[in-house]
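Let us take a walk through a protein together, one step at a time. Have a look at the sequence and the model first.

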Amino acid sequence: MAHDATHIFMLVRTDPDAPKKQQGISFVLADMDQTGVDVRTITTLAGETEFCEVFFDNARAPRANLVGEINKGWSMAKALLSFERIFIGSPGLAQNALGQLETFARGRGAFDDPVFRDHYAEVALDVEDHAALYSYFADQLKRGETLGADVSMLKIWVTETYQRISELMIEVAGPDGGSIGPLQVGNVSVDVLASFYKARPTTIYGGSNEIQRNILSKAVLGL
C-alpha cells in the first residue's frame with residue numbers, strides 16, 4: 001500500500017564505522033510526497049495493486065524526522081517487528097478462511113467424504129491451537145512484558161495454515177477450482193480462487209517464513 005502511504009520508515013546506516021552490523025543504524029521517517037521518491041505498483045496474481053516497489057533518488061529527510069536516538073534504530077526496529085508479527089499472526093486470518101471453507105464445503109456436500117472430514121478436522125484443530133498460542137502472547141502484552149523472538153511462531157503458523165485452508169477450498173471446488181469469480185453455493189457465493197491468491201504472499205510479507213524460522217532457530221533454540 002505504498003501508493004496510499006504519506007510516510008515511510010527506514011532503517012538507514014548513519015555510522016558506517018560501527019563495530020557490529022546491527023549498530024550504527026537509525027530509524028527515520030520520510031515523506032513520500034517529495035521529489036526523489038518513486039513508487040511503482042506491482043500487480044498481483046489476483047489483479048490487485050497492493051504491493052509496491054519504492055525507489056529513492058537523492059530523497060532527503062530532515063533531522064527532526066529521526067525517531068529515538070541516532071544509531072539506535074535497530075532496537076526500535078526489533079520492538080516494532082514484534083508488534084507487527086503479533087498483528088499479522090492474529091488468528092482472524094485463518095478463522096475467516098476456515099469459516100468460508102466450512103460454508104463452501106457444506107454447500108458442496110464435501111462433508112460426506114471421510115477423507116475431506118479428516119483434512120478439515122486437521123486444519124480446524126490447527127486454527128484452534130494457533131488461537132490459544134496467540135492468547136498466550138497477547139497476555140504477555142497485557143502484562144506490559146516485552147515480546148520475545150518466539151512470537152515469530154505466530155506468523156509462521158497462521159500464514160501456512162491459511163494457505164492449506166485455501167488449497168483445501170480449491171480441492172472442494174473440483175473442476176471449478178480454476179474459475180475466476182465467485183461460485184454460488186446456496187444463498188452465498190465464495191470466490192475460491194481469490195482466497196487462494198490472497199494466501200500466497202502471506203508467508204512473504206512481514207518477514208518471510210524462512211527468515212522467521214532462522215530467528216527461531218538462532219534466538220530461541222540456540223542453533
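Which residues in α3 meet which residues in α4? On the α3 side they are F116, H119, Y120, E122, V123, D126, V127, D129, H130, L133, Y134 and F137, and on the α4 side M153, L154, W157, V158, T161, R164, I165, L168 and V172. Contact here means heavy atoms within 4.5 Å. By class, this contact of α3 with α4 has 14 nonpolar, three polar and four charged residues. In that count, Ala, Val, Leu, Ile, Met, Phe, Trp, Tyr, Cys and Pro are nonpolar, Asp, Glu, Lys and Arg are charged, and the others, Gly among them, are polar.

A word on where these values come from. This is a predicted model, in which local features need pLDDT of at least 70 and side-chain atom pairs count only at pLDDT 80 or more, while totals for chains, interfaces and linings use all residues. Residues are numbered from 1 along each chain as its sequence is written, and side-chain values use heavy atoms, with hydrogens and water left out.

Now step back to the whole protein. It has six helices and seven strands (DSSP runs numbered from the N terminus, H or I of at least four residues for helices and E of at least two for strands). Starting at the N terminus, the order is β-β-β-β-β-α-α-α-α-β-β-α-α. Along the principal axes, the C-alpha atoms fill a box of roughly 65 × 40 × 30 Å.

Back to the helix pair. Helix α3 covers residues 114–142, and its axis lies 10 Å from that of α4, at an angle of about 160°. Axes are lines fitted to C-alpha atoms, for helices over the stretch in contact, and angles run from 0 to 180 degrees between N-to-C directions. α3 and α4 are therefore roughly antiparallel to each other (angles under 35 degrees count as roughly parallel, over 145 as roughly antiparallel, 65 to 115 as roughly perpendicular and the rest as oblique).

Helix α4 (residues 152–173) has another partner, helix α2 (residues 92–108): their axes come within 9 Å and cross at roughly 15°. That makes α2 roughly parallel to α4. Among the residues that make this contact are L98, L101 and F104 of α2 and I165, L168 and M169 of α4. By class, the contact of α2 with α4 has 14 nonpolar, two polar and one charged residues.

A pocket is found on a 1 Å grid over the protein atoms alone, as an open set of points where a 1.4 Å probe fits, with protein on both sides within 12 Å along at least five of seven lines; lining residues have an atom within 4 Å of a point. Its volume is the space filled by probe spheres set on the points, which are joined across faces, edges and corners. The largest pocket has a volume of about 980 Å³. Of its 23 lining residues, M1, F9, E84, Y205 and G206 are the closest to its centre. Helix α1 gives the largest share of this lining, eight residues. The second largest pocket has a volume of about 590 Å³, and of its 20 lining residues the closest to the centre are W74, K78, R85, I215 and A219. Here too the largest share, six residues, comes from α1.

Finally, find C52 in strand β4. C52 and R40 are 12 residues apart in sequence and 5.5 Å apart in space, C-alpha to C-alpha.
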